[in-house]
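Please keep the sequence and the model at hand while reading.

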Amino acid sequence: MRQLGLGLAMAAAGLAMALQTARADEELPIGVIAAQSGSFVSAGNTIVGAANLAAQQINDAGGIKVGDKTYKIKLYIRDNRTDVNVSIAAARELVNDIGVKAIWGTETHDFSVSMAKITGPAKVLQFSGNSSLGAVLDDKAVADDGWLHYAFQSEPQEWQRSGSTAKGVLSLLTPQLKSPPKHSVVFVGNDATGQYLSSHYVKALEAEGQTVDLVQYPPDTTDFLPLLTRIKGMKPDIVHFWYNGDSTLTAFPQALKLGVAPSYFLFGVDPGIYQERSLKADVPVTLSCVPVCWGSSPFPEVKQYFDKYFGLGAAKGPQSSVSLLYYDYFFWYAKALEKVGKIDDPDAVVAELLKSDYKGVVSPVPLVFNKHHQVTFATEVCMVQPNTSDQFKCAVEQPPAAPPPGDNGG
Amino acid sequence: MDILLQQLVNSLSVASVTILIGIGITLIFGLAGIVNFAHGEFLMVGGMATWFMVGAGINFFLALVFAGLLVGALGYAAERCLFRFTLNRPMNGFIMSIGLSVILQHAVIRVFNEFQKSIADPVGQVWTIGGVDIIAMRAIVVAITAVIVAITYFGISRSRYGMALRASVSDRDTAELMGIPVRRYVTGVFIYGSLLAGIGGALMISLFPITPFTGSVIIIRGFAVSLIGGLGNVGGAVVGGLVLGLVDGLSAGYGYPEWTDAYSLVVMILILVLRPQGLLGGTLGPKAS
């Protein structure tokens with residue numbers, strides 16, 4: 001009888017401890033708004049994939065210790081259906097009804113800006129991986145009372161990405177060509193993002209001594225032969241397929257068949273995809289990823305990351321690497337919360353993020369936000385050896401210190 | 001000169017896939033009286049099925065046949081389960097088809113994934129003749145399209161089935177009184193048009209990668225081709241496809257390249273304003289009763 005009583009007492013004590021532990025593990029609600037349907041789904045799914053992986057890793061490691069409490073991340077994932085109105089509705093729900101402390105997303109500049117008009121007044125932090133946010137993140141917008149005070153751009157400014165990429169492409173291709181390349185054609189989709197991104201990339205190439213022609217194609221083009229024939233007539237040294245990886249993967253094989261140029265650069269095409277598609281060219285081809293390649297990375301941390309990312313069931317696609325525009329910031333945000341010691345002081349968290357750095361997966365150099373809440377890191381560029389699909393040589397050129405002449409940096 | 005010749009050859013190959021989808025639409029829209037906005041998704045399903053079969057080791061040309069049959073079966077199911085209930089209310093069918101297109105896109109995403117799919121070029125050769133590059137697979141696509149056009153044209157204009165079908169379009173009630181099983185003919189046209197979409201999808205993926213959203217882009221051109229040529233008119237679809245192909249090729253080569261689509265649509269608008277019945281004339285399309 002005495003043993004039974006002792007057993008019951010121990011069980012009760014164990015239950016009490018378990019309940020106490022459960023109480024100690026409080027929930028930190030974080031929102032994710034991303035396209036899980038509609039035409040941006042390939043990019044959107046990578047945001048969700050990164051968020052799931054980061055939340056799982058943080059929770060498995062014991063959660064976030066803030067003051068005397070431990071928080072486990074609870075993700076509230078909303079599909080924006082590639083629709084700005086749905087993004088706005090989702091942001092309203094997450095901010096007003098659920099009370100998330102921060103939101104990750106979304107794929108495109110105008111959606112993110114629309115969301116910021118809801119997250120800003122509610123003092124909810126927002127991490128968006130859009131390089132084009134540089135156009136709105138200025139002194140006034142990020143000031144204490146500015147409408148973007150709580151927004152952070154988790155992708156480098158476009159002039160930095162363009163500068164880093166242009167340097168990487170030219171450094172890898174120049175030794176492969178009979179004479180140094182002088183004439184580049186930038187081939188880009190004629191949508192808002194394409195226009196914005198290519199304006200910086202053209203300037204970056206010109207800063208590297210290239211004469212540049214810009215040829216824009218209608219978005220959703222599938223048959224590129226007429227346009228590529230036109231480019232062939234321009235006799236370029238390098239054709240740069242810029243911005244949209246899917247369009248590039250459609251156009252590039254057609255360019256090879258027409259023999260448009262003696263060398264190519266494919267933006268947003270991962271070596272893993274190049275290999276999977278068994279693409280092969282008898283001329284040098286360079287590739288770059290947004291921001292680091294999953295198919296051929298020189299960094300072991302990146303390789304480990306993608307093993308885990310794909311291990312969670314994420315599909316391997318041209319945009320899988322986009323997930324790295326979102327992953328590290330969960331850990332950085334968690335670190336900032338721990339440092340601040342409370343989860344309900346967004347101003348202190350913003351201040352902490354701005355004065356701290358974080359050594360993440362995306363960059364061997366610690367990440368730092370500048371005064372406009374923008375991060376800086378390099379873009380990886382790889383060259384595939386001619387007549388192979390799986391032999392890559394990669395380079396990481398650091399971004400330039402300042403925008404090139406004619407680029408206002410915005 | 002080489003560049004101009006190359007652009008003319010390009011125009012022909014650009015036109016061929018457009019013609020194929022245009023014929024399917026012109027038959028279903030013009031003869032069966034159904035506005036199927038999901039026709040582009042039928043093409044996409046044909047492309048995805050081809051990708052899957054080629055990936056499983058099946059020869060491309062065999063996969064093309066299977067893709068046609070599969071999408072033909074899909075068309076049969078769609079007509080029997082959905083569109084036959086809207087024959088007297090074409091607008092209902094139109095709205096229903098928009099819903100069907102979204103469902104098909106996301107069904108494909110669910111079954112496979114959202115990423116672009118491609119297959120290796122089944123032929124892989126490029127012939128250079130007089131400075132003009134002719135991609136062998138594109139030449140094959142043009143040839144297959146020509147054969148399908150010929151079969152369809154003679155089937156519609158010369159066979160008993162074709163004549164009965166045209167009679168049904170002219171006066172459905174009288175055709176029924178004459179013993180023509182109009183409903184069955186509508187089903188047959190829908191299946192045939194869908195089969196062509198399946199073949200079109202297979203041919204398309206042999207030239208370009210496709211995504212679950214490819215259909216929603218190409219459907220606009222398909223409708224443009226069928227309207228330019230004249231609804232229900234197979235020859236018209238060929239002419240419409242060639243006109244759009246030529247406009248695409250030459251505007252991309254010599255105009256503002258970013259306006260390529262706009263040039264095509266301006267040409268379509270002009271033709272429809274000047275010849276509302278299309279270049280070669282056709283039916284009036286779906287009629288509510």
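## Basis of the report

The model is predicted, so local features are reported at pLDDT of at least 70 and side-chain atom pairs at pLDDT 80 or more, while totals for chains, interfaces and linings use all residues. Residues are numbered from 1 along each chain as its sequence is written, chains are lettered from A and ligands numbered from 1 in the order in which they are written, and side-chain values use heavy atoms, without hydrogens and water.

## The interface between chain B and chain A

Contact, meaning heavy atoms within 4.5 Å, joins 36 residues of chain B to 35 residues of chain A. The size of an interface is often given as the accessible area lost when the parts come together. Here the two chains bury about 2,800 Å² between them, with 61% of it on carbon and sulfur atoms; buried area is the accessible area (1.4 Å probe) that two parts lose on being put together, summed over both. On the side of chain B, the residues that lose the most area to chain A are Phe115(B), Gln116(B) and Glu258(B), together 22% of what that side buries.

The interface also holds 14 residue pairs in polar contact, both residues being at pLDDT 80 or more. A polar contact is a pair of N or O atoms within 3.5 Å; within protein, one must be able to donate a hydrogen and the other to accept it, and residues adjacent in sequence count only if both atoms are side-chain atoms. Helices H1 (2–31), H4 (90–111), H10 (234–254) and H11 (260–274) and strand S2 (132–135) of chain B each give two or more residues to the side that touches chain A. Helices (H or I, at least four residues) and strands (E, at least two) are DSSP runs, numbered from the N terminus. By class, this side of chain B has 14 nonpolar, 14 polar and eight charged residues. Ala, Val, Leu, Ile, Met, Phe, Trp, Tyr, Cys and Pro count as nonpolar, Asp, Glu, Lys and Arg as charged, and the others, Gly among them, as polar.

Helix H5 (residues 136–157) of chain B has 22 residues and reaches 31 Å from its first C-alpha to its last, close to the 32 Å expected at 1.5 Å a residue. The expected span is 1.5 Å times one less than the number of residues. Among the buried residues of H5(B) are Met137(B), Arg138(B), Val141(B) and Ile156(B); buried means under 20% relative accessible area, exposed over 50%, and partly exposed in between (1.4 Å probe, protein chains only).

The 21 residues of H10(B) should span 30 Å, and the end C-alpha atoms are 30 Å apart, which agrees. H10(B) is mostly covered, with 15 of its 21 residues buried. At the start of H10(B), a side-chain oxygen of Asn233(B) comes to within 3.1 Å of the backbone nitrogen of Gly235(B).

## Salt bridges

Over all chains the structure holds 15 salt bridges, each being a side-chain nitrogen of Lys or Arg within 4 Å of a carboxyl oxygen of Asp or Glu. Three of them cross the interface of chain B and chain A. One joins Lys257(A) to Asp121(B) at 2.5 Å, N to O. Another joins Lys232(A) to Asp133(B), with the closest N and O atoms 3.1 Å apart; this pair runs from helix H8 (residues 225–233) of chain A to strand S2 of chain B. Lys232(A) is partly exposed at 28% relative accessibility, whereas Asp133(B) is buried at 10%.

Within chain A, Arg78(A) and Glu93(A) form a salt bridge with the closest N and O atoms 2.7 Å apart. Arg78(A) lies in strand S3 (residues 69–79) and Glu93(A) in helix H3 (residues 84–98), so the pair ties together parts that are 15 residues apart in sequence. Glu155(A), Glu158(A) and Arg161(A) are linked in a network of salt bridges.

## Local features of chain A

The peptide bond from Gly105(A) to Thr106(A) is cis, with omega near 5 degrees. Thr106(A) lies in the loop between strand S4 (102–104) and helix H4 (109–119) of chain A.

Thr82(A), in the loop between S3 and H3 of chain A, has a positive phi near 55 degrees although it is a residue other than glycine. Lys123(A) is likewise not a glycine and has a positive phi of about 60 degrees. Thr82(A) is buried at 17% relative accessibility, while Lys123(A) is partly exposed at 41%.
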